[in-house]
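Visitor: I have the sequence and the model open. Please walk me through a few features and how to read them.

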Amino acid sequence: MSDISSFHPERSRRENWVFSICTVAVALLLGVTFLPSIELYSGHIGHMLAVHLMLEMFSTIVSLLVVIMALNMTQRSGDDIAKTLIYGFTVIAGADLIHALTYDGMPALLTESSTQKAIFFWLSGRSFELFAMVLLAARARLPGSPLIWLTMGLLTITTLFFIGTFALDQLPVTFVPGIGVTPFKAFVEYGLCAGYLAVAAWLFLQYRIDPQVRSLYLAAACFIMGLGELGFTSYVAPSDFINLFSHLFKIAAFGFVYLAIFLIGWREPYQLLVQSERQLRDREFELDTLLSNIPVGVFRLDCELRYRYINPAHEVSLGGRHTLAVGRHIDDIMPVQFLHLLRPRIIEALAGSRVEFDYEYIDEKGTQIYCAAMLVPDLNVDGSIEGVVVIVSDTTIREIARRQVLASWREVCELNAALDAHAIVAVTDANGVITRVNDKFCVISQYSRSELIGKTHRLINSGHHPKSVFIDLWKKVSGGEVWSGELCNKAKDGSLYWVYTTIMPFLGADGVPLQYIAIRADITARKNAEQEAQRLAFHDELTGLPNRRLMRDRLKHAIAFAARESRYGALLLLDLDNFKDVNDTWGHAQGDELLREVSNRLLSGLRQADTVARLGGDEFVLLLSDLGSDLEKASIHAGDIGDKIRESLARPYDRNGETVNMSTSIGVVLFLSADSDLDELLKQADMALYSAKAAGRNRLSFFDPALQTEITSRALLLRDLRDLRQGIERDELRLFYQPIVNTERRILGVEALVRWQHPELGLVPPSRFITLAEQTSLIHPIGLWVLQTACAQLAQWAHQPDCAHWTVAVNVSERQFNDPEFVCIVERAIDQSGADARLLRLEITESTLHADLNNTLYKMNALRRRGVEFSLDDFGTGYSSLSYLKKLPLNHLKIDKSFIDDVLSDPNDSAIVRTILALARNLDLHVIAEGVETDAQMDFLVNCGCAAFQGYLFSRPVPVEPLMLNYASNTEGVGSSVS
């Protein structure tokens with residue numbers, strides 16, 4: 001049973017009061033614990049028994065009050081805790097009463113009194129009290145009726161009485177005179193203490209979740225009872241002060257039980273009554289507010305047709321002058337035009353019927369007013385009719401809107417009739433299923449209405465349009481937009497017809513289409529005329545083949561396909577040899593027939609994807625597509641097709657019994673690039689055709705191979721440039737690192753080398769694309785990426801002690817170095833990455849020195865001031881003046897691999913290496929030998945004074961992860977190459 005909610009200030013005061021009492025109880029218990037044992041009532045045992053009986057009777061009376069309250073609680077509200085209270089506190093009352101009567105020294109009424117027996121009933125009462133508190137905390141629902149649990153309680157008391165009277169000797173000893181409580185009793189008391197404190201915490205947690213006063217008071221009762229149980233573990237004699245003190249804790253605990261169960265249960269009906277009255281007043285206020293503000297006239301009449309209630313809206317309809325209408329007759333207040341309408345209906349409602357009717361009138365301003373009235377019998381409590389409730393609403397706006405809707409509906413019907421007479425109309429649901437069609441749809445499609453409804457427009461799909469058309473259509477209309485366009489449909493007999501279609505979606509409140517309406521106009525005649533005109537415009541009238549205009553359009557698409565897919569196409573130009581002799585001998589009519597036969601043979605010998613066209617006269621064009629991605633194979637394929645066509649056209653022709661032999665010359669040109677010019681291809685094919693005729697006719701000739709090779713190379717170059725540009729945009733570049741080691745094969749630094757991770761070709765080496773990039777502006781983004789990535793790696797290595805001293809060498813092309821912004825680009829890469837500029841080494845080639853020397857010196861000195869070092873790469877392979885070595889601020893020379901390869905076998909190479917090393921020592925330059933692949937080469941270089949080496953002997957260029965895995969420790973040198 002829930003308690004009546006209270007305000008937070010009252011709740012806070014209640015909590016503070018309960019906590020204060022609990023705190024005082026703890027303090028008192030602690031204080032008494034340290035007092036010496038004090039025996040009260042020495043020589044006055046009767047006084048002690050009287051006090052003890054009085055204390056126990058208090059708890060017994062409280063327990064009985066709880067039982068009585070629980071019985072009434074159940075009869076009133078069916079509270080779930082009532083049965084627990086009845087059973088538990090019935091047992092508690094009986095146990096405490098028997099405990100008081102069997103206390104040592106009490107007169108023997110039912111049985112002999114003793115301390116052992118009193119303790120048994122005490123422990124029984126406290127155990128059942130703890131059990132009842134556990135059930136209350138668990139909010140257990142006991143089955144059965146309250147009387148059953150009252151009976152169960154009485155039976156339990158009876159059972160305990162017989163056990164304590166006749167079987168006490170079978171139970172453990174709980175008290176020894178002169179010694180005090182036994183360990184068994186102390187153990188039980190400690191267990192009860194722990195149980196009470198645990199239930200107190202449980203109930204208090206429930207109170208924090210659902211602040212009911214009963215939970216708080218029961219928690220306090222359990223807490224204080226648990227503290228009191230500690231006192232019963234240490235007394236020596238029943239008259240000890242600690243024994244009496246612990247009984248006081250029990251009195252305090254039962255006081256909280258009294259508050260929790262009896263007082264709250266006693267006050268609750270009154271509080272519920274007050275709350276019900278407040279709710280009733282609130283509901284009356286809400287009802288009055290509602291009736292006063294609704295825009296509907298409401299009034300009540302008694303059986304004598306006198307007003308019992310009238311709301312403001314009805315007062316306004318009466319003119320607003322009848323504020324004292326209650327108690328007056330309707331004849332005195334209501335206008336005459338209302339009375340003759342209402343009176344018969346009121347009589348009908350007083351007879352027990354519910355009446356509804358509409359009426360209209362003209363008000364004082366001459367406005368037509370429409371109203372709806374409803375009369376309901378007003379029933380008394382006993383079901384008798386004591387009046388009638390009349391509700392009158394002004395429906396003028398609704399009626400005007402209804403009439404406008406009817407007028408609009410008539411207009412729509414007329415428009416629909418006109419539309420059905422001149423257009424093809426179909427309505428579908430949101431899934432495209434046809435729900436309605438007009439007669440013209442049935443006529444043009446040749447399907448009946450029953451065959452169309454329930455189907456989709458796939459039924460009339462001609463297959464003329466690609467699926468993308470209908471995908472775009474549905475995407476647009478399902479998004480709420482109107483779609484318009486021309487569609488080709490198929491009738492039931494298989495014939496095709498064209499319609500201009502407009503599809504309009506009808507949207508719901510959520511913006512999602514509910515249905516679609518398609519309005520079509522038959523444009524079959526116009527489309528047939530357009531197709532005929534297009535055929536005449538793009539096809540040869542004699543042979544029906546595509547003409548020059550359509551051929552150029554097809555060639556344009558074939559070139560785009562070849563460039564997009566990187567697959568060759570071919571253009572074959574055919575000319576019939578000596579066709580003029582046929583015209584001169586047989587006449588132009590026979591010549592025309594021969595041309596038609598030639599076109600038929602050409603069509604029969606081609607693939608579906610290829611095109612044959614007539615340019616004019618006896619000149620034809622074959623357009624071949626998708627010949628493969630390899631130039632040689634594409635050329636062979638085009639030649640094979642051309643030879644088959646030539647052999648087919650060389651077969652004899654029968655002209656009215658006469659045999660005509662005809663040969664054909666063919667010129668072929670291949671194409672791949674999107675930059676191929678149409679006119680240029682035709683010129684090249686014409687040149688190849690001229691070459692075939694010049695070689696004796698009846699031949700197939702390719703366009704000049706040398707020129708064809710040049711064109712193909714240029715196309716491949718453009719394709720590679722396009723792929724490289726896309727590769728940069730797709731972040732396909734990768735940076736590899738090759739170590740530079742000293743004589744002990746310990747890493748001094750690395751050289752950063754770029755690779756291209758192509759999605760189809762795999763890992764592409766720089767030799768395949770760097771030269772191409774240097775010929776264009778692509779070297780700038782590639783060089784910038786390499787520089788930024790290398791600087792970022794330097795900054796990362798700076799935090800790793802084993803490789804913090806490593807340098808990174810970055811190759812710089814001549815085109816990069818000559819960029820006016822080169823110095824700023826390098827400085828920006830250093831600043832943004834946070835790398836140590838002293839560990840960055842830029843490698844330049846001798847070709848860079850041929851440019852403006854002053855500008856070169858300026859840029860190098862500017863970067864040297866930042867700490868950047870420079871290396872001269874591939875030294876000895878160029879033709880630079882040695883005077884550059886004195887002027888340029890170089891740090892390192894790199895001996896080219898070409899000198900290292902044969903340094904052990906070629907005296908010239910070994911002499912050049914020695915000379916370079918000697919020159920470097922004199923100029924105070926460091927030397928790095930590139931391309932070292934054998935131990936013998938390294939031994940020779942070490943003997944010559946070289947201190948730094950790079951090559952496959954130590955490691956191939958590898959990504960940073962394998963490099964760090966194998967060399968990060970750098971403690972034992974580089975002993976084997978990393979592949």
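Guide: Start with a pair of side chains. R564 and E565 meet in a salt bridge, with 3.6 Å from N to O. The term means a side-chain nitrogen of Lys or Arg within 4 Å of a carboxyl oxygen of Asp or Glu.

Visitor: What kind of model is this, and how are residues numbered?
Guide: The model is predicted: local features need pLDDT of at least 70, side-chain atom pairs count only at pLDDT 80 or more, and totals for chains, interfaces and linings use all residues. Residues are numbered from 1 along each chain as its sequence is written, and side-chain values use heavy atoms, with hydrogens and water left out.

Visitor: Is R564 buried or exposed?
Guide: Here are the cut-offs. Buried means under 20% relative accessible area, exposed means over 50%, and partly exposed lies in between (1.4 Å probe, protein chains only). R564 has 54%, so R564 is exposed. E565 has 40% and is partly exposed.

Visitor: How many salt bridges are there by this rule?
Guide: The count comes to 35. Take R526 and E486: their closest N and O atoms are 2.9 Å apart. R526 lies in helix α16 (residues 524–538) and E486 in strand β10, so this pair ties together parts that are 40 residues apart in sequence. Helices (H or I, at least four residues) and strands (E, at least two) are DSSP runs, numbered from the N terminus. R526 is partly exposed, at 37% relative accessibility. E486 is partly exposed too, at 30%.

Visitor: Which residue does K894 meet in a salt bridge?
Guide: E843, at 2.9 Å from N to O. K894 sits in strand β26 (residues 892–895) and E843 in strand β24 (residues 840–845), so the pair ties together parts that are 51 residues apart in sequence. K894 is buried, with a relative accessible area of 0%. E843 counts as buried at 1%.

Visitor: Which residues are linked in a network of salt bridges?
Guide: D96, R126, E129 and K250.

Visitor: Now the sheets. How should I read one?
Guide: Strands of a sheet pair through backbone hydrogen bonds, either parallel or antiparallel. Here, two strands pair if DSSP finds at least two bridges between them. Axes are lines fitted to C-alpha atoms, for helices over the stretch in contact; angles run from 0 to 180 degrees between N-to-C directions.

Visitor: How many bridges join β6 to β7?
Guide: Nine bridges join β6 (residues 368–379) to β7 (residues 385–394), and the two run antiparallel. L375 stands opposite V390 in β7.

Visitor: What is the strand order in the sheet that holds β12?
Guide: The order is β9-β8-β12-β11-β10, an open sheet of five strands with antiparallel pairing. At the edges are β9 (434–437) and β10 (483–490), each pairing on one side only. Neighbours in this sheet are turned by 30 degrees on average, direction ignored. Six bridges pair β8 (residues 424–429) with β12 (residues 513–522). T428 has Y516 in β12 as its bridge partner.

Visitor: How do I check a helix?
Guide: Compare its length with the expected span, 1.5 Å times one less than its number of residues. Helix α21 (residues 678–694) has 17 residues and should span 24 Å; its end C-alpha atoms are 24 Å apart, which agrees. Its buried residues are L678, L681, L682, Q684, A685, A688, L689 and A692. They cover an arc of only 160 degrees around the axis, which puts them on the same side of α21. The arc is that of the directions from the helix axis to the C-beta atoms. The face turned away carries the exposed residues K683, Y690 and A694.
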